[in-house]
Amino acid sequence: QVRLVESGGGLVQAGGSLRLSCAASGRTFNRYAVGWFRQAPGKERAFVAAISWSVGRTYYADSVKGRFTISRDNAKNTVYLQMNSLKPEDTAVYYCAADDSWNTIVAGRSDYWGQGTQVTVSS
């Protein structure tokens, strides 16, 4: 069982930066891949980025590549999403998810999700 809690969202101007955190409880968190997803009003939830448990593999949606960086600190049971050069279209609720399967994470089919954190980018 893994419990996830996101934090770090807020209101920022276009071009600004935010760092989201996903704090996990559970003894085997360092064996889980973790992904970030987002859902804008009226839209379906979309994949943003994922990181493998071994910190050797990352994957990004094309829309955030070069602007967002996912990282993890297994000693702190935390995964981060550094978001730079933010755009108004990045406005959404951001969720993290965890699973022991990379394919399940990327597909957004994990059983473990956080409650989400709101990111609003003003123009």
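Predicted model: local features only at pLDDT ≥ 70, side-chain atom pairs only at ≥ 80, totals over all residues.
Residues are numbered from 1 along each chain as its sequence is written, and side-chain values use heavy atoms, leaving out hydrogens and water.

Now the fold. We've got 1 helix and 11 strands; those are DSSP runs, H or I of at least four residues for helices and E of at least two for strands, numbered from the N terminus. Reading from the N terminus, the order is β-β-β-β-β-β-β-β-β-α-β-β.

How much of the chain is buried? That's 46% of the 123 residues, where buried means under 20% relative accessible area with a 1.4 Å probe, protein chains only. As for the box, the C-alpha atoms fill roughly 40 × 30 × 25 Å along the principal axes.

On to contacts, meaning heavy atoms within 4.5 Å. Of those between residues at least 6 apart in sequence, 58% join residues at least 24 apart.

Last, the rings. Rings of Phe, Tyr and Trp (its six-membered ring) pair if their centres lie within 6.5 Å; planes under 30 degrees apart are stacked, over 60 edge-to-face, and the rest tilted. By that rule we get 4 aromatic pairs. One of them is Phe37 with Phe47, edge-to-face, at 5.6 Å centre to centre and 75 degrees between the planes. Phe37 sits in strand β4 (residues 33-39) and Phe47 in strand β5 (residues 46-51), so the pair ties together parts 10 residues apart in sequence. Both Phe37 and Phe47 are buried, and ring pairs link Phe37, Phe47, Tyr59 and Trp113 into a cluster.

Definitions and conventions. Buried < 20%, exposed > 50% of the residue type's maximum accessible area, 1.4 Å probe, protein only.
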